[in-house]
Amino acid sequence: MHIQDSHWPVAVATEAAGDGRVGAAATSRSAPLRVDAQRNLEHVLRAAREVFGELGYGAPMEDVARRARVGVGTVYRRFPSKDVLVRRIAEEETSRLTEQARTALGQEEEPWSALSRFLRTSVASGAGRLLPPHVLRVGVADDSTVVEDTVREETRVPQQRLGIAGQPELRVVAPRPVPAAEQDDAGAGELLEVVGQLVDRARGAGELRGDVTVADVLLVIATAAPSLPDAAQQAAASARLLDILLEGLRSRPV
């Protein structure tokens, strides 16, 4: 996933309403729409999920408009800036992951089954590829929603960038401490808390390696869904990769 901090909602703060919420984003979800306008909004949101999932949040608004088969002006009428659209997508996808984690916790009695179910569901939905970057950084810095002032120097987060022929390739970047104001953006704190419960249960049962953290789980769901032109091949590759990653997370008899 190609994540560029310059595209992430630093500028969103300038569009926030007085109570700290993003006014434009809130308006886009609360104002009644005509049937055609609602249809266009749904097309834009679907296209944004696809484009950002494939190319990362650095993809231009023109790509979103092209995928939605609408003019770029239509996109900007609903989302005055790219930051507002990015935040909308990130909030919805983070919320989806949180619900998937809650479902796994509530419906699976065995700790490993619960964690495994969450990972398989989240990878299949593709929501992990749209995690906002500060969620990954929070997870890397600590298993809780509070980030320490000093981030371990040896910790690294894989991110994607476009390589040869437009194919994503991995590079390694160092995380930075996240300001407290960003920690709850897009429901990050709630997601980390619920995933933390899955991790703690599996670790406590001796089924998860002791060194595995919430950060590792988030990295699995953020990177275990390769983008391939053939849907069947993509599903098979994702399932195979996830099987390998799950095996790597399990504890081994001493």
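Select Phe-118 to begin: leaving aside residues up to four places away in sequence, Phe-118 touches Leu-97, Gln-100, Ala-101, Ala-104, Val-195, Leu-198, Val-217 and Ile-221, where contact means heavy atoms within 4.5 Å. The model is predicted, so local features need pLDDT of at least 70 and side-chain atom pairs count only at pLDDT 80 or more, while totals for chains, interfaces and linings use all residues. Residues are numbered from 1 along each chain as its sequence is written, and side-chain values use heavy atoms, with hydrogens and water left out.

**The nonpolar cores**

A nonpolar core is a set of buried Ala, Val, Leu, Ile, Met, Phe, Trp, Tyr and Cys residues joined through side-chain atoms within 4.5 Å; buried means under 20% relative accessible area, exposed over 50%, and partly exposed in between (1.4 Å probe, protein chains only). Helices are DSSP runs (H or I, at least four residues), numbered from the N terminus.

**Helix α10**

Select residues 214-223, which form helix α10; eight of its ten residues are buried. The buried residues are Val-214, Ala-215, Val-217, Leu-218, Leu-219, Val-220, Ile-221 and Ala-222. At the start of α10, display Thr-213: one of its side-chain oxygens comes to within 3.2 Å of the backbone nitrogen of Ala-215.

**Salt bridges**

The structure holds 14 salt bridges, each a side-chain nitrogen of Lys or Arg within 4 Å of a carboxyl oxygen of Asp or Glu. Side chains of opposite charge can pair when their charged atoms come close.

Select Glu-92 and Arg-88, whose side chains meet in a salt bridge (2.6 Å, N to O). Both residues lie in helix α5, four residues apart, about one turn of the helix. Glu-92 is partly exposed, at 22% relative accessible area, whereas Arg-88 counts as buried, at 7%.

Then move to Arg-250, which forms a salt bridge with Glu-207, the closest N and O atoms being 3.9 Å apart. Arg-250 lies in the segment after α11 and Glu-207 in the loop between α9 and α10, so the pair ties together parts that are 43 residues apart in sequence. Arg-250 is partly exposed, with a relative accessible area of 29%.

Glu-108 forms a salt bridge with Arg-117, with 3.2 Å between the closest N and O atoms. Both are partly exposed, Glu-108 at 23% relative accessible area and Arg-117 at 27%. Glu-108 is also one of the residues touched by Arg-201, along with Leu-105, Glu-109, Glu-110, Pro-111 and Ala-114, not counting residues up to four places away in sequence. Arg-201 is located in helix α9 and is partly exposed, at 28%. Its C-alpha atom is separated by 8.0 Å from that of Trp-112, 89 residues apart along the chain.

Select Arg-69, in the loop between α3 (61-68) and α4 (72-78). Its phi is near 60°, a positive value in a residue other than glycine. Most residues other than glycine have a negative phi. Arg-69 is exposed, with a relative accessible area of 79%.

Definitions and conventions
Helix = DSSP H or I, 4+ residues; strand = E, 2+ residues; numbered from the N terminus. Polar contact = N/O pair within 3.5 Å; in protein donor to acceptor, adjacent residues only side chain to side chain.
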